[in-house]
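Reader: I am new to this structure and would like to go through a few of its details. Could you show it to me?

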Amino acid sequence: DTGTGAAGLAIDIARQAFETSGYGVSFTQMPHSRCHFGLRYGTFDGILFESLKERPVELLVASKFAIVNRVLVAVVRANYPHALYEGPSTFEGANWLRVQDEDYPAQITSDTQMYPVDVSENAHGLLMLRRNYVDVVFRDLASLHFGMDAVRETAGLKTLLPAIDIEPFYLRLKDTLAPVIVKYDHALGEMTVNGSVDRLYYKHLGFSQVAFNRYFSG
């Protein structure tokens, strides 16, 4: 959110696909639960980032193309004894920050070698990490760099790679807009083939979509 509207890689990809399909689109940033509230009351037509694990009350149709991936990484203090994520043994005996209502993959929730520290929200998660209240914080890479407590100053912290989990997130629209999704998918497929998606990746990140996925998958 630039202060004058939404911007970024996923926004540019979606906007170009909609415009190529002959539709205008606008974006509003808000918490996920409020997005669904707005859908129910007709304020919004869809949600840009949604896991297909979600089972919403509303009738929604999803794009067949993931627009972004949630790249879940572990953030630890710089003196943490591991430099890479190597499975459950990486966090043996560690306290981890478990945020209420967050969706964590099974490899985290089923790990009996570390201990959860429960909190109701994550606005100060990295501060808790710096102050030794917890040993590891699991964060989406995008929110790590652009969220409320983004790492403005990396001193004292490090990110362990490869990513612990990579989950695709999709655009979903109200089911009455199913014809729009069909045209959107067609446009996005063409954008992938003709290099438009990669050009947007280079514009925002400096490398291609394939390079991005390879890097974080190790």
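Predicted model: local features only at pLDDT ≥ 70, side-chain atom pairs only at ≥ 80, totals over all residues.

Reader: Let us begin with β5. How many of its residues are buried?

Author: Five of the five residues of β5 are buried, so the strand is mostly covered. Val136, Phe138 and Asp140 point one way from β5, while Val137 and Arg139 point the other way.

Reader: Which strand pairs with β5?

Author: Strand β2, residues 60-77, pairs with β5 in the antiparallel sense, over five bridges. Within this pairing, Phe138 of β5 is the bridge partner of Ala74.

Reader: And where does Asp135 lie?

Author: Asp135 lies in the loop between α4 (125-130) and β5 (136-140).

Reader: Why is Asp135 counted as buried?

Author: Its relative accessible area is 18%, and buried means under 20%, so Asp135 counts as buried.

Reader: What does the side chain of Asp135 join up with?

Author: The side chains of Asp135 and Arg77 are joined by a polar contact of 2.9 Å. Leaving aside residues up to four places away in sequence, Asp135 touches several others, including Val75, Val76, Tyr80 and Leu129.

Reader: Is Leu205 buried, partly exposed or exposed?

Author: Leu205 counts as partly exposed, because its relative accessibility is 36%, between the cut-offs of 20% and 50%.

How values were computed
Residues numbered from 1 in each chain as written. Heavy atoms only, no water. Helix = DSSP H or I, 4+ residues; strand = E, 2+ residues; numbered from the N terminus. Buried < 20%, exposed > 50% of the residue type's maximum accessible area, 1.4 Å probe, protein only. Polar contact = N/O pair within 3.5 Å; in protein donor to acceptor, adjacent residues only side chain to side chain. Contact = heavy atoms within 4.5 Å. Pairing = 2+ DSSP bridges.
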